[in-house]
Amino acid sequence: MRKLPYHLSGKLHVTGSSHFIADEAPLSGMLYAKLLLAPVAHARLIFIDTTQALEMPGIVAIYTALDIPGENQIGHVIKDEPLFPTERIMYLGQPLAIVLSSDPLKAERAVKQIKIEYEELKPLLDVEESDRAQQWYVPQRKIECGDVERALSESEYQLSGSIESGGQEHFYMETQRCRAIPGEGQQLTLYTATQSTMEVQEVLSHVLGIQAHNIIIDVPRLGGAFGGKERNATIWACLTGLAAFLSRRPVELVLTRDEDMLITGKRHPFKSLYKIGFDGKGRLQALDLTLLANGGAYADLSIAILERAMFHAENIYRIPNVRILGRACCTNLPPNTAFRGFGAPQGIFVIENLMQKIAEQLDLDPIMLRKQNCYRKGDNTPYQQGVVEASSPHIFERLCQISDYDDLKRKVQMFNANHTDCKQGLGIAPVKFGISFTTALLNQASALLWIYIDGTASLSTGGVEMGQEVSTKCALVVSRILGLPMDKIRVESNNSQRVGNASPTAASTGSDLNGNAAKNAALQIRGNLLPAAQSLLKERYDITAKQEDILFADYKIFAKQDPEQKIAFSELVRYAYNDRIPLAAYGYYKTPKVHFDREKGIGEPFHYFVYGAALSRVEIDLLTGEHQLLDTFIVHENGQSLHDEIDRGQIIGAFIQSYGWCTMEELVHNDQGRYLSVNPSTYKIPGIRDIPERLVVEMLPSPAIQASVLGSKATGEPPFIYGLSVYFAIRDAIKASNPEAETSFPLTPEAVLKALEGR
Ligand code: HPA
Ligand code: MOS
């Protein structure tokens, strides 16, 4: 049996011994926090009266906006979000006050005794209505190339209309939470479930009116995040930090599942208006697209998400004339936020929908149509980034091979000819995903590496471990450079005292950025150790080795010319220490080049692209609208993977998560802006039985002209696109029964039945 590479968290997880925030025993004197949540989505706030609630037994304190010592502001990119609203309630569930008690039940009872006076206003929920009222956080964004108007009018064929995609609940297993512990003076330590340690530290320092160095952020590991803790964790950390700072007691805030689903922001629903022009062979000529993002009550990350949607609106296709307009619209829903893919799935869904419609209209094979429109090497994207690798044609070929596509197509046709109650369909979803934060300054990272006297290592990075095993990947990098076995490397929590100013662990860049920083730290230590290694080899074996001929492997060092004469790494470390050689290093990395000019809509926002494609086959039941996912084939181009199994896990996990997004997960709110889908009984996420009957994942070890640490590529978000293949497969099956059908989003059984109506 092949030996699996080490997985740092695996054994801890399966034996139940990994530790999550607020899992630990309560601290002495610790208070539990409960929140008063706004009962309506939009209102003028007049008065909050806590007097009666404060008199309830066991209540230690209640804090509102009036108690904030610094700024009542938690907006980061745009400063539009108060910690507590003072004039206007902007979404249902917005925190208005925080109640502290050593007994959480008492705190909950006191919340109900707080009186609020408000004047209800009509909530704005619809994205188009918001757009008409010009309720944008910032003016419209634009990316343009060629002459769209002319190319459209000269196109042989044109399609126009609108396409919508829905929101999505993150459904991380660990709900939002924070434990804050006051220390000496103004010091405050936060164990907070965040992907963005720097942001929490900075924003909280403003809320409290203290210097950032007083605030220590520590993130041991998260029970999932998926973008939901990139920006959305800041508010809970600030509320908990405020409460601990004012009460001088440890405070813990843990949202219940229902609270979390009711009040936290989600994936942005998009509405897109399109015009596309093409010729009789299906060659794309022009695309005119307007993307509207429903951003919710505050800007949050909506601008960057909208931008990433725009950067992915042409996906893998070369379209000579393109205009992409984007507007992020404010509504009275909880502020929508980062979610795996960060707008790219919403953008790609539109163009893939159009490819499907074109294939249907011209009766072309959907893979052939896509293949002939792919980028070739040397093409430029609409924002003028050069396409260096252009792997899609090759990926399609491989996909057809591993799925035996022609045969599969025949099988589906045969099946459909012989069945009247059920139909099968095939769907395709290719991806080209840009890797880097589109906010260029975030593309930097640091690492701190210590070698202890026994030859073991302690590695700290700015990476937040949330199940993606950024810790294993960073340790693998150090392991390769210093020849350390994986069990000799401890990856520490993300702590602001060891690694300051850490960018969010997001944008799929966690391993690229932090792995490179760790690599640079390890290279320094190797550099420090080399002279000691030379002396030791000389002393011990009388070997004279050049530095570049000394190898570090299997916890030993040796000279290339004499590999039998080894010295234990721990011995080298002891020798170096005795010689007073530094055994720690700070590593820094920044992604080369990336930049983007927002005014001109031109630049190279991405370090590189990740490519892949998926093909799925489904069978739908025309009587119930239910479907069975029969086959999914995925070809994913990955560079030189640091860890095949972890990447495979990311690919399958992302596929299943997006499969849920577009076929099962339906976010419902009423016309008052209250989410009605607030727990698993009203919101269906995929389960273990939803895995396709046949699932084939092939990772193409590409030559990767463009890649990151040790030739690897990012894997977190790109495979999220593959789930769309199921959407298009269901659409294809519907069309087999009703060629006139139009499909909505998500394609739940109910939506399938609606599409079939009139057949
Ligand atoms: N991804 C995630 N977070 C971000 C990005 C991005 O591209 N840009 C700014 N914040
Ligand atoms: Mo994210 S959606 O954590 O970049």
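This is a predicted model: local features need pLDDT of at least 70, side-chain atom pairs count only at pLDDT 80 or more; totals for chains, interfaces and linings use all residues.
Helices (H or I, at least four residues) and strands (E, at least two) are DSSP runs numbered from the N terminus.

I note that residues are numbered from 1 along each chain as its sequence is written. Local features need pLDDT of at least 70, and side-chain atom pairs count only at pLDDT 80 or more.

I next traced the sheet, which is open and mixed in its pairing, with eight strands in the order β3-β5-β1-β12-β9-β10-β11-β20; two strands pair if DSSP finds at least two bridges between them. The edge strands are β3 (59-63) and β20 (494-495), each of which pairs on one side only.

I then checked β1 (residues 31-37) against β12 (residues 251-254), which pair in the parallel sense over two bridges, with Tyr-32 opposite Glu-252 in β12.

Last, I looked up helices α18 (residues 724-737) and α19 (residues 749-756), which pack at an angle of about 30° with their axes 10 Å apart, so α18 is roughly parallel to α19 (the term covers angles under 35 degrees). I recorded Ile-730, Ile-734 and Ser-737 of α18 and Val-752, Ala-755 and Leu-756 of α19 as making the contact.

Methods
Chains are lettered from A and ligands numbered from 1 in the order in which they are written. Side-chain values use heavy atoms; hydrogens and water are left out. Axes are lines fitted to C-alpha atoms, for helices over the stretch in contact, and angles run from 0 to 180 degrees between N-to-C directions. Angles under 35 degrees count as roughly parallel, over 145 as roughly antiparallel, 65 to 115 as roughly perpendicular and the rest as oblique. Contact means heavy atoms within 4.5 Å.
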